[in-house]
Number of protein chains: 2
Amino acid sequence: MSELKVQALYDFTGEPGSSELTIETGEILTVTRKDVGEGWWEGINKDGKTGLFPEAYVQEIKVPSNQPPAIPPPPLPEGNDWGNTQTEEFQNYESVDFWDDEWDDDSEGGGPPYPHPPNTTHSAGPGGNYPQDKYSENSGAGKDNKGTVGKKNLNRFSTFVKSSGESYILGTVKLNVTEADKVYVIGTEDSISWKPIQQPYLCLVASPKKETKLKGLKSFIAYQLTPTFNNIQVSRRYKHFDWLHLRLEEKFSLIPIPPLPDKQFSGRYEEQFIEHRKNQLQAFVDSICRHPVLSTCKVWEHFITCTDGKRWKPGKRKAEKDELVGANYFLALETPETPINLLKVEQENESCGKFVHEMDIAVKNLMATSLDQTKKHQGPYKREYQKIGQAFYSLGQAFSIEDAASGTVDKNLTSAIKKTGSTYNEIGQLFDEQPKLDWEPLGDTLHIFKGILASFPDILQVQKGVIQKRRDCEKLTFDNKMEASQLQEVRRRTDVVSYALLAEINHFHSERNTQFKKAMKSFLKEQMVFYQKIVDMLGVSLAEFGDD
Amino acid sequence: MSELKVQALYDFTGEPGSSELTIETGEILTVTRKDVGEGWWEGINKDGKTGLFPEAYVQEIKVPSNQPPAIPPPPLPEGNDWGNTQTEEFQNYESVDFWDDEWDDDSEGGGPPYPHPPNTTHSAGPGGNYPQDKYSENSGAGKDNKGTVGKKNLNRFSTFVKSSGESYILGTVKLNVTEADKVYVIGTEDSISWKPIQQPYLCLVASPKKETKLKGLKSFIAYQLTPTFNNIQVSRRYKHFDWLHLRLEEKFSLIPIPPLPDKQFSGRYEEQFIEHRKNQLQAFVDSICRHPVLSTCKVWEHFITCTDGKRWKPGKRKAEKDELVGANYFLALETPETPINLLKVEQENESCGKFVHEMDIAVKNLMATSLDQTKKHQGPYKREYQKIGQAFYSLGQAFSIEDAASGTVDKNLTSAIKKTGSTYNEIGQLFDEQPKLDWEPLGDTLHIFKGILASFPDILQVQKGVIQKRRDCEKLTFDNKMEASQLQEVRRRTDVVSYALLAEINHFHSERNTQFKKAMKSFLKEQMVFYQKIVDMLGVSLAEFGDD
C-alpha cells in the first residue's frame, strides 16, 4: 500500500484539547484516514503526532517537497467559525458513546460477529476502513488522483475468482436455485434490461429518534422505515444498514450497491446532522427500491419488513449463510438464449469504463463544489451580507440621533435605512439556511452516484475476467484439450454474465438520467426560490422608503 | 506631523517592474501617501524602499510591534486578480502624461499660477496633499481614527481669523457689496433657510472625451457641461474643476463644498474609470446646482457658462481677486433682523457636531463596505459562480461521452446540464458588472457626503469663534471698555453668522434626507433587478430540463 503524502497549503491551528492537529504551511503529512467525514482527514506529522486537519488545507503531493506552493490562497473560511463549529461538535465527543454505538456487538443476538469474505478490507472495529474506501486504499498503481475509479482494483474480481468464479464458468458448481431465487434479464441485444419491477413500492425513512438501551447507559439513533406495500414500520439503526450493505455487496458481484452515508466523526446527535443522515438514508433506500434486483432480494425484504426481534436473528443468519453469493449468484440468472456478440460486449465494457471514469471526476468535482458552497454560504457569504446589514443599520443609527434632536427630518427615512440593514442581516441568515435546500440534496444524489461509480471498475473487471476465461477455454478446445460441447456451455455461461452486466449498465444509465434530471431540477427550483426571496425581501425594504 | 505606521496583515508580492512594494506579514511600514486611489497606499519599508501596497493588506498601528496580529485573515481577494488588474493599469503608467496633465500650467493663460491663501495646505504639485486630506494630515491630537471629523482642525477657522474674521465682527472692514453679490437668509428661528433658488436648473456632465494639445504631445480628458438654462456646452478638464473647488472653499467659510472625485493614481484613460469619474463629477455638479448659494455664485456661473477662451482668463482672474471671501463674505449676507437665541444656536452647533461625527463614521464604514463589495463582486463572487458553472459544465461534458456512444440516453439532459453550467458562468459575469449599477452610485453619494461632513467641524468652529469674540466684547462692555452701541453691532453681526450657519445646517439635513432617500431607493431597486435577473436566468435553465 503506497502512503498518501500531503502538503499543508495553509496554517491550521488545532483546537487545544481536541483531536485536531496543528499544521504549518508547507509541512508534509502522511494521511492515515480519509474517511473521517465533514471535510476532515487524519494524518501523522514529521514528529509522529497524529490528529485531524481540514482536507481543504492540504494538497496531495507526488514528491515530498519543502517548497511552499506558488498558488495564491483561495478565500478561506474565517478561522473563528471553523473553530467554533468544531468546538461545539467536539463537546459531544467524550460525552456520548461513539464508534462503540455504531459498531458494538449486536445485542439482539448473542452469536459471533458475521463472517467477512476473505481478502476484503471490511473491518468492523473503531478506525476500520469503510467499504467505499477499500478501492483507493488498495490501489498501488493509481496514476490519476482526480478520481478513484481510474485505479484498477481487483478486490471484487479476486474474491469472485477465489470463491467460485471459475467453477461457475466451468460449470462445476451446482446449487439448488428455487423459482423465488431466480432473477430475469429480458430483451434483445439492443435493449437488454432486468425484468422490470412488478409491484413498484417506496420505503419511507422517517422520524429518526434517539433511543436508549441498558437502562439509558447507551443511546443511539433509530430510523423508522415504512414500506408502502405493507405500511408497517420497522426501526433500524445505522449498524443494521451497514450490515445490510455488506450482505448486498457480497451477494451481487455485478451490481454496484448504492453507498450508505459516510461515517461521520462528530456531531452525531446534532439535530441537523441527524436530519441530513435521514435524507441520505432515504436516498440509499430509494435507490435500492428502484433497482429491479435489489428491491426484490430476500435480505432487503428481511431488512424492511422484519418487526419481530425473534424473527430478526434467524433471518440475519440465513442471509449470512446464503450460498447464492458472488459468482454463485450467476446460477440464479435467467437470460435470453440468444448468443451475444462478444466484440460488442467488450466495446460496451470499454466505453462504460471510460464514461464511468469521466463521470466520476465530474461528480467528485461537483461534490467538492457543493461542500465548498455549503461552507461558504454558512460562513463568509452569511457574514458578508450581515456586514452590509450592519453598515446600513449603523447609518440609520447615526440618522436617529438627529431625529431625536430635531423635528425637521424624515424619521421614516431613518427607520427605512435601519430596515434595509435588518433585511441584509436576514438575507445573511437566509444564506446560512439555504444549502440544506439546494446544495445538500444535490450532494446526496452525487454521493449515491459516487459510490456506484466507484464499484463499476470492479464489475467491469469481473466480466473481463469471465471473457478471458472463455478465450482460455476456446484455446483449450482448439488444442483439443476441451470438449466442444463443454465450450458451448462455457460460452453460454459467459453470455449470462454479459447479459446481466448489460442489464445493469442500462439500469445505471437510466438511473443516471432520471436521478440527475430530478436533482438538477430540484436544485434549480430551490435556487430560484432563494433568489426570489431575496428580491421580495429587498422589495419590502424598498417600499419603506415611500413612493415619491 | 505624526507618522502613520502600519503593519502588514498579509504577504503581498509586488508585480516586478511596477511601483508595487513586496510586503511581508507583520512587517512595519511608514505610510507616505494615502491618496493614491483604488485601494492603494504608498509607503516605505524598513530598508528604505518605497512602493505601493493594497490598503486592505495593512492595519494602522499605535505602537510599533513585531507580533503578528492574532485575528484570522478574512477571505482575501485572490492574488491573481489583483495582480492582473494592476499590471494592466500600470502598463499605462509610463506611456501617458500623468500628474503633468492634471496640474500643468494653464495653457489658456500665460500668467502666474493662481495665488493660494496663506496657511492652507493646498498644494498643486505632484504628490501634493489634497484638500480632503488636510484635516487628517494636520491633526496631531486626533484620538479617533474611525472618522476624520472628530479631529479638531483650526485651518478654516484660523484662515478666517487671520484674514478678516475679527475685522468683520468688529465692523472694521468696509467693502462695497452690490445687489448681485447679496445672499439672503430667510425665515424665523425655527425654520431658517437660504432663500430658495429662484430658477432651479441642472447642469449635465456628459461625453467625456480624450483631447490633445501641442499637436498630440499632450492628451487629456475633457468633460462637457451643459446647463439647462442656456443649453450651451462648455468643455472643462479636471484641473478646471480643481481650480473652481479651491475658489469655492476659499470664498465660503460657512458652506461645506462638495468634494471632487478623489485623484486617481492609475487607469486614468481606462473607459470604465472615465465613465465613473463623469458620474462622480455629475454628483458634484448636482450638489452645487441644488445649493441656493453655490448655484448662483459668480465663479460657478463663469465656470459653467464661459465658452470663449478670451473671456475665460479675465473671469478667472476676477474670481481669484474676489474680495468677498472668507469672513468678508459675511458682508454679503442679508438675514432677518430678529436677534437669535444664543444658547439655542450653541446647542444646535453642539448637536450638529455630534451628529456629523456619528454620520461620518457610518458613511465611511458604508463606503468601505461599498468598496469591499465592489471588489468581491468583481473578484471572488464572480469566480465562485464561475466555479459552480464549470462544475456543472464538466458533468455535462462527461454525460456527452455516453450520448456519443449510445442512443439510449436523454441528450436533452446533457445539454440542459451544460446550459446550467453556462448560466452560472453568466451569473458570475453579472456579479462582475453589477457594482457599477448599485454599489458604485451609492459610493458616489457617500463620497459627496464624506467631503461635506469633513468640512463641518471647521464650519462649526468658525461660528464658535465668532460667539467667543462676541462674549469677549460683552466682557469689554461690562468693563466699560466698549460702547454698548458697538456691542449691539457685534451682536448683530454674530447673529448674521449664526443665521447663515443655521441655514446651512438645515440645507445639509434637507440634502441628507433627499439624497440618501434617492440613493437608497436606487440601490435597492438595482439590487432587486440584479437578483431578479438571476432568478430569470435560472428559470431559463430549469426550463431546459423539461416539464415532466
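**Figure 1. Overview of chain A in a predicted model.** Chain A has 12 helices and 11 strands, where helices (H or I, at least four residues) and strands (E, at least two) are DSSP runs numbered from the N terminus. The structure is a predicted model, in which local features need pLDDT of at least 70 and side-chain atom pairs count only at pLDDT 80 or more, while totals for chains, interfaces and linings use all residues; side-chain values use heavy atoms, with hydrogens and water left out. Residues are numbered from 1 along each chain as its sequence is written, and chains are lettered from A and ligands numbered from 1 in the order in which they are written. Of the 548 residues of chain A, 54% count as buried. Buried means under 20% relative accessible area, exposed means over 50%, and partly exposed lies in between (1.4 Å probe, protein chains only). Among contacts in chain A between residues at least 6 apart in sequence, 73% join residues at least 24 apart; a contact means heavy atoms within 4.5 Å.

Figure 2. Helix α6 of chain A covers residues 271-289. The expected span of a helix is 1.5 Å times one less than its number of residues. For the 19 residues of α6(A) this gives 27 Å, and the end C-alpha atoms are 27 Å apart, which agrees. Of these 19 residues, 15 are buried, so the helix is largely enclosed by the rest of the structure. Q282(A) is found in this helix and counts as buried, because its relative accessibility is 15%. The side chain of Q282(A) reaches the backbone oxygen of C203(A) at 2.9 Å. This is a polar contact, that is, a pair of N or O atoms within 3.5 Å; within protein, one must be able to donate a hydrogen and the other to accept it, and residues adjacent in sequence count only if both atoms are side-chain atoms. Leaving aside neighbours within four places in sequence, Q282(A) is in contact with C203(A), L204(A) and V205(A).

**Figure 3. N412(A) in helix α10 of chain A.** N412(A) lies in helix α10, residues 411-433. At 35% relative accessibility, N412(A) counts as partly exposed. Leaving aside neighbours within four places in sequence, N412(A) is in contact with E544(A) and F545(A). N412(A) and F545(A) are 133 residues apart along the chain, yet their C-alpha atoms are separated by 7.2 Å.

**Figure 4. The interface between chain B and chain A.** In this view, 67 residues of chain B are in contact with 67 residues of chain A. The size of an interface is often given as the accessible area lost when the parts come together. The area buried between chain B and chain A is about 6,500 Å², of which carbon and sulfur atoms give 69%; buried area is the accessible area (1.4 Å probe) that two parts lose on being put together, summed over both. Between the two chains there are 12 residue pairs in polar contact, both residues at pLDDT 80 or more. The elements that give two or more residues to the side of chain B that touches chain A are α1 (79-95), α9 (342-405), α10 (411-433), α11 (439-478) and α12 (484-543) of chain B. The largest share, 27 residues, comes from α9(B). The residues on this side of chain B divide into 38 nonpolar, 15 polar and 14 charged. Here Ala, Val, Leu, Ile, Met, Phe, Trp, Tyr, Cys and Pro count as nonpolar, Asp, Glu, Lys and Arg as charged, and the others, Gly among them, as polar.

**Figure 5. Salt bridges between the chains.** A salt bridge is a side-chain nitrogen of Lys or Arg within 4 Å of a carboxyl oxygen of Asp or Glu. A search of the whole structure finds 43 salt bridges over all chains, and the count between chain B and chain A is 4. In one of them, the side chains of K376(B) and E384(A) meet at 2.7 Å, N to O. D372(B) forms a salt bridge with K387(A), the closest N and O atoms being 3.3 Å apart. D372(B) lies in helix α9 of chain B and K387(A) in helix α9 of chain A, so the pair joins two chains. D372(B) is partly exposed at 22% relative accessible area, and K387(A) is partly exposed at 40%.

Figure 6. The side chains of K364(B) and D360(B) meet in a salt bridge at 3.0 Å, N to O. The two residues are 4 apart in helix α9 of chain B, which means that about one helical turn separates them. Both K364(B) and D360(B) are buried. K382(B) and D432(B) also form a salt bridge, at 3.1 Å, N to O. K382(B) lies in helix α9 and D432(B) in helix α10 of chain B, so this pair ties together parts that are 50 residues apart in sequence. Salt bridges that share partners join D372(A), K376(A), E384(B) and K387(B) into one network.
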